[in-house]
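Reader: Before I plan anything around a model like this, I would like to learn how its features should be read. Could you take me through them in order?

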Amino acid sequence: MKKIILNIEDHQYSLFLRFLQTLDYVKIEETKPKSKAANLPRFDFSDLVGKLEWKGDALNIQREMRNEW
């Protein structure tokens, strides 16, 4: 036995789905839609977390760096 998964919207292919339901060897299961965030990989940055100690004026440094160009 092989399993085929079709992700189709029932409002777009209602005739096709009705045909599939008439077949004895086809089982139709409804699934809840996946969110796009669920497809994205999760990264673990726990080993990279730290605290930067900055002693200086960030705005002045930014201006100096911009003026170098």
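**Confidence, fold and surface**

Author: This is a predicted model, and in the protein chain the confidence is lowest in helix H2 (residues 36–39), with a mean of 66, whereas it is highest in helix H3 (residues 58–68), at 89. Where pLDDT is low, the predicted coordinates should not be read in detail. For the protein chain the average pLDDT is 78, and 87% of the residues score at least 70.

Reader: How many helices and strands does the secondary structure of the protein chain come to?

Author: The protein chain has three helices and zero strands, and its elements, read from the N terminus on, run α-α-α.

Reader: What percentage of the residues of the protein chain count as buried?

Author: Of the 69 residues, 3% count as buried, while the chain exposes about 8,100 Å², of which carbon and sulfur atoms supply 55%.

Reader: Is isoleucine 5 buried or exposed?

Author: A residue counts as exposed when its relative accessible area is over 50%, so isoleucine 5, at 64% relative accessibility, is exposed.

Reader: Which residues form a nonpolar patch on the surface?

Author: The patch consists of Ile4, Leu6, Ile8, Tyr13, Phe16 and Phe19, which together have about 610 Å² of accessible area. One of these residues, tyrosine 13, is found in the segment before H1, and it counts as partly exposed because its relative accessibility is 40%.

How values were computed
Residues numbered from 1 in each chain as written. Predicted model: local features only at pLDDT ≥ 70, side-chain atom pairs only at ≥ 80, totals over all residues. Heavy atoms only, no water. Buried < 20%, exposed > 50% of the residue type's maximum accessible area, 1.4 Å probe, protein only. Patch = residues over 30% accessible without salt bridge, like charges linked within 9 Å, V, L, I, M, F, W, Y side chains within 5 Å. Areas by Shrake-Rupley, 256 points an atom, 1.4 Å probe, with all protein chains shown as cover. Salt bridge = Lys/Arg side-chain N within 4 Å of Asp/Glu carboxyl O. Helix = DSSP H or I, 4+ residues; strand = E, 2+ residues; numbered from the N terminus. pLDDT = per-residue confidence, 0-100.
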